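I opened my notebook to look up a few places in this model. My notes follow in the order I took them.

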Amino acid sequence: MNAFRKLEPELQRNLIIFFCASLCFWGGLAGMIPNLALYVGSFGASNQEIGWVMASFAVGLLFFRPRMARLTDQVGRKPALLTGVLVIAIAPALYLAVGLLPQTIWVLPILGWQIKSVTVLLGLVRMFHGLSVAAFSTAYTAAVADLAPPQHRGELISTMSLASPVGMALGPALGGYLSGSFVLAFLTMTGMGSIGTLCVLSAKEPARVDTLQLEQTEGTAVQKSIRPENTPFWSLLLTPPIRIPALILLMVGIAFGSLVTFVPLYVQDQGWAFNIGLIYTASAIASFSIRTLTGRASDRLGRGRFISLGIFCYTLSMFTLWLSDTPETLLLAGLFQGAGSGTTIPIIAALMADRSQPNQRGLTFGLCMTGFDLGIALAGPLMGSIADYTGSYAIVFAIAGLMTSLGLIIFITTSSKDIAHSIRFALNGGRDVYAIK
């Protein structure tokens, strides 16, 4: 909080409004988690069908992410933020509307496949729901990075990102408490999205940087920036500063998607009388706690070692889920996952800010988070198929743990220009060779 206190009062007020909007956003989004998979299952969907519906969220993310990144850089942070919270307000009502429509079986004319209409419609709403994160998360991180002094960037990004774990603590707990009524639970999340919309409307657009060239803070050298509108979005994904962080987030996305989709079903399958939302509350508490430490520390000690720590915590979470046989071990897994998420996501965001010019931040954040989106998209159908084939959710979590283990090895060995620099960056606080001074 030291960096926040040093800011001007008007800027502090604007950041507080953004923080409140983010709190409502993540609360309204995460509040759907305890009930959504169960809601889809209430229509007689199989594990694979539930996985397809849940994964459609990431499909929407992948589709909208480039467009929202461009909107963030070219039009402004506030329009993208407003888009995100509006979707949070609208989507829960659309899920309920699907349940009011007649259920039919659609037959594809050529292949002859039979598809439930309700599954398709819920999948389309889920894709629309994905627009929320594509718009809000990119613009929010970019806005905070715009306002943060470079020497305190990690600390301020981590501080402002605390809205995410707080929202993801309150939302699932509330959603789990209201799990007796899908209507009440979903409309409550609509209310949170509506409050977030009012917050964004009252906020001020951060100042934009439109210069083609930005002087470095030291010396007279000039670092040329790339105009986002002239740069193909996907062509930058394989560039050295972005490809490894994006790949790491792919592995983490698979783990996160497996947790969100299959933990509620696992608890139901075990017959435990347990508020599923408490798992995500435990996760959010751990995420909140660790962000207060790692952001500031990464400014002084380097980003790499904290990203490695976050991936390791995610691995512990998945293997704990694999071995869990009591609700208490699920809570422990939630704590590990929260620590992993609270370290990995904000520190990679700070890393991307280090590696990009101000007028490229929306583009860079959007590209990097594409890996996370794709991981969530793959987790639902891929892990759903495995769960159907093996009849075991534990195997799903074990495979997710192997994926994050692989991600940790990749990061340690390939995060910089060669193995030696990569090991120093990932484990020993070595400098980031791709950072823009």
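Which residues make a nonpolar surface patch of about 210 Å²? I found L86, I90 and L94. Patches take residues with over 30% relative accessible area and no salt bridge, and nonpolar side chains are joined within 5 Å. A salt bridge is a side-chain nitrogen of Lys or Arg within 4 Å of a carboxyl oxygen of Asp or Glu. Areas come from the Shrake-Rupley method with a 1.4 Å probe.

The model is predicted: local features need pLDDT of at least 70, side-chain atom pairs count only at pLDDT 80 or more, and totals for chains, interfaces and linings use all residues. Residues are numbered from 1 along each chain as its sequence is written, and side-chain values use heavy atoms, leaving out hydrogens and water.

I looked up L86 next. It sits in helix α5, residues 77–100. L86 is partly exposed, at 36% relative accessible area (buried is under 20%, exposed over 50%, partly exposed in between).

Then I turned to T138, in helix α6, residues 117–147. T138 has 1% relative accessibility, so it counts as buried. Beyond four places in sequence, its contacts (heavy atoms within 4.5 Å) include R65, F365 and G366. A polar atom of the T138 side chain lies 3.3 Å from the backbone oxygen of A134.

R355 is buried at 9%. Its side chain reaches the backbone oxygen of P241 at 2.5 Å. R355 also contacts D432 and Y434, among others.

Terms used: Helix = DSSP H or I, 4+ residues; strand = E, 2+ residues; numbered from the N terminus. Buried < 20%, exposed > 50% of the residue type's maximum accessible area, 1.4 Å probe, protein only. Polar contact = N/O pair within 3.5 Å; in protein donor to acceptor, adjacent residues only side chain to side chain. Patch = residues over 30% accessible without salt bridge, like charges linked within 9 Å, V, L, I, M, F, W, Y side chains within 5 Å.
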